[in-house]
Amino acid sequence: MSAFLKKLFKPKWKSSNAITRKEYIATLNPSTEEDKNILLDLARNDSDNQVRRAAINKIDSISTLLNLYQEPSELIKPAVKDRLEGLAKSNALPIYELITDETLLTELIINSDNAEQYQGALLKLSPSTLETIAVSAKLSQLRLAAVERVVEEAHLASIEKQAKAKDKRVYQLAKSKLKEIKAHKKQQAEVKEKQESVIESLEAHAKSETVKLYGAKLTSLLDSWNDISDGADEALIRRFEISKQASLAKAAQLKQDQEQEALVKQQSLQQKNERDETLNILEQTAERFKQTPVESASELPALDAIIKTQETRWLEATRESTVEKSEQKQYQQLMGDLKHYLKSAQAFMSGKDQFTSPEAGDDQATPNRQTASHHEIRAFIDKVNWPDGFATPRELKSLRKFAGNIAEKKKQTIQVSDQQKSQIEEQITRLEQHLGNRALKQSSQGFKELNHLIHGLDKGLASNYAGRLQLLGKQLNELRDWHGYAVTPKQAELCEQAEKLIEQHLAPQVKADKIKALQDEWKKLGGSSDQKIWQRFKTACDTAYAPCRDYFDEQRTVKRNNIEKRKTICTQLSDFISQNDWDNTDWKAVEKINRVARDEWKECYPVEFKENKAVQKIFNELLAKMDQYLNDERSRNKALKQAIVEKTQALVTHEPLSEAIEQAKSLQSEWQKVGITLHKDDRALWKEYRAACDEIFKRRDAENESKQQAINEAIAQAEAICAEAEQASRDINENCDKTLSEFRQRFRGVSPLPKKELERLSQKLEQTLSDIASNQAKQRVAQEHSTWLGLNKKSKLIRDAAEKLQSGATLDSAALFAQELTPPQNEQISNIEQVLFDTWKIAISAVDINSEYATAEQAKSLCIQCEIAAEIDSPQEDQALRMQLQVNRLSEGLNQKDSSSKRDELEKYLSEWFQLCLIPAEVRTNLETRVDSVLAKVTA
């Protein structure tokens, strides 16, 4: 009751005591308009900073706080900012999520003392705002973070200019980002240039002739495009696709042609195998008969079948195929020898029975008969014409012995014809060359001369060349047919191709290769007897080749320059190897020199092979020396890393774990300090080292997981306490003070929490407990209001009853009055309630009621005293009395500034008012209405 009466004095929020104003703030409800206005008034105007901060901390409306922050006063902005941050934190939201005004948010960021709260806000700000923060923010961390978010070149340039003399770190960062942007633009320009270059090359490739490496070059161009195609514009992509499709079509056609060529080569290879097999069989057959003479005529059909079969086989194997001259000559020799042998054997077997061995004849024969026998034998031996080199049958040997003079004569004949045979062999060789070169004119003349020479021999010797002459004649006829139907049109086609090359814009090397290919084709055709077509072909080739001469001259110059560059590389490499301090050297630099030397060496290409041979040898020797130094260093470093791996593996089971982790980190530092190693060795050792480290840190993770589990349990326990407090805030009772203490004690008993979680949960709990205390205070005030209004009602009932009794009437509803005024049993009541009850008992007792009668002057004075204490104006007609009473108060020393005395005084006057049992009727209604106004102000 006393707390309620205290409010009737000067409001505590206007008290001169800052502590009183601050305590009063806790009882205010910012959701009501009056309390909200009080809080705003204190926040704006209170002279005490703590009071202003307490009032601001009581305000929970974001919009109200934001409006308050934007007011001109700089005194309240820090407290408003702290309150906004606190509300954001309690709602688990960053403060910038609560602010929609970018200008206000920018101001908060610029003046903030906590960079973490505004880091995320930078993501939603415009570039111009970021520029402002970068040059004006209070914290360096926010300035740098703002610069990090700026990507526009113009804003970065502005930041760089403004921060140059103010903030070195911001200036350097902006400058660095500008440099990166310029480098990126330059890189994009270079990429664009490379894209243009690749597409131009691809377009030229699509229009060029399909040479052997056409597909490989196309693949290289496509790979180059894939490496730089990112970011290409639509126009470039469209050009690329058009050229790509055209090139792919050409490449496909080239592939088809190559496959056809490969098929032809395969067929040619098969024919070659067939020819080789034919030659092998013929050679084996000839060798057999050279070793073993024919015994009977039954062996000859088999030989004849072999000859015919292999002859057919050879013709098939040489059809539409080019045959080496040596191969053709071997076949002709073997086939001619076997045919000669077959013919001689057939003649011998068919006529040998006509003769008997001379040893079995009659030695007493007549000379005529003997002469005739010799003549016949000599004729038979000449007819057989047994080939040299083949095994001679026994019977033929006997006949030759008998006709020895025939052999002698044959020998003389051979000696006589040696010169002719030499001429024939020489002519055959020349004829074979002409046929091989497909020179029709020379071949025809040569065959005519050969035929004349052979026919000039005797019949026996001429028969030896019959087979070869027949075969050469057949080849000459084939050459004539070929010239008639293939060579001449082909030569005309070659002329046309050579003439087309004159107009084609090709790379010099490509054009030269094409010219040489045409010349080779011309040679394979055997030339031409038509001088006019030959002159046409030669003129076209010379004209097409003319532009290539300058290129090849330049190429020779380039090759000479490349040789000189390579010599310079060798000199520099030799100087480095000889002058370098290999005991104290930068091995990574040596590796780089080694790599760069190889790359530069490759770039110095093309070169003349002969001139490069000696230089290449020197270069290889120098690289070998450098590689030896590098390999020795790599081996040493490999041993060091192996030792680190072994030490790390030993730490896997080392205790304590913290010591093992520290040593593992130290070994990581050692690992990084180790120099060069072979990539393969380094990867293998690193894998072992990383596996050992992982095992060590797995143990740490297991321990951390256990600790984290304990932390999670503590957080869950603290969250449960907060949840329980929130539930209690919805069910406030008289034990609330005890409950708040218990909540705090239980929270303090939770296991240690991480700092951030402790701050979050403790703030959450305190906010909830604060809400409980605030609601409890509101309930007490409401209870006091209700009690005070009830007392006022009861006092009016007593006066009504007293007036009835004074008038002599009886109380028909005395029981109802008694029930209304009688305090509950076993319940503690206030002093004034007890006074009212006692007054009631007096009113209904037999005591003279007039003794409790108050005059109008007394009642009016008491009412005015209540108005003075409640700081409410009195009516105009009572101003004189009010002034008199105030003067009396001053003289009595009652007008004190201590607000607690005024509240006691108001309670005293109200208590006296409620004790008035009888008030003159003419003033009662007016005075009760005025007292009701006092109560209305208190309970509003």
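Reader: Which residues are linked with Lys 860 in a network of salt bridges?
Author: Keep in mind that this is a predicted model. A search of the whole structure turns up 35 salt bridges. One network of them links Lys 860 with Glu 867, Asp 878 and Arg 930.

Reader: How far apart are the closest N and O atoms of Glu 912 and Lys 908?
Author: These two sit four residues apart in helix 35 (residues 899-914), so about one helical turn separates them. Glu 912 is partly exposed at 32% relative accessibility, and Lys 908 is partly exposed at 43%. They form a salt bridge, with the closest N and O atoms at 2.9 Å.

Reader: Is Cys 722 buried or exposed?
Author: The cut-off for buried is under 20% relative accessible area. Cys 722 comes in at 0%, so it counts as buried.

Reader: And how many disulfides does a search of the whole structure find?
Author: A disulfide is a covalent bond between the sulfur atoms of two cysteines. Searching the whole structure for such pairs gives a count of zero.

Reader: What distance separates the end C-alpha atoms of helix 13?
Author: Helix 13 covers residues 234-291, and Asp 233 caps its N-terminal end. With 58 residues at 1.5 Å a residue, the helix should span 86 Å. The distance in the model agrees with that: 83 Å.

Reader: What is the mean pLDDT of the protein?
Author: Of its residues, 84% reach 70 or more. Over residues 1-9, though, the pLDDT is below 50. For the protein, the mean is 77.

Key:
Residues are numbered from 1 along each chain as its sequence is written. This is a predicted model: local features need pLDDT of at least 70, side-chain atom pairs count only at pLDDT 80 or more; totals for chains, interfaces and linings use all residues. Side-chain values use heavy atoms; hydrogens and water are left out. pLDDT is the predictor's confidence in each residue, from 0 to 100. Contact means heavy atoms within 4.5 Å. A disulfide is a pair of cysteine sulfur atoms within 2.5 Å. Buried means under 20% relative accessible area, exposed over 50%, partly exposed in between (1.4 Å probe, protein chains only). The expected span of a helix is 1.5 Å times one less than its number of residues. A polar contact is a pair of N or O atoms within 3.5 Å; within protein, one must be able to donate a hydrogen and the other to accept it, and residues adjacent in sequence count only if both atoms are side-chain atoms. A salt bridge is a side-chain nitrogen of Lys or Arg within 4 Å of a carboxyl oxygen of Asp or Glu.
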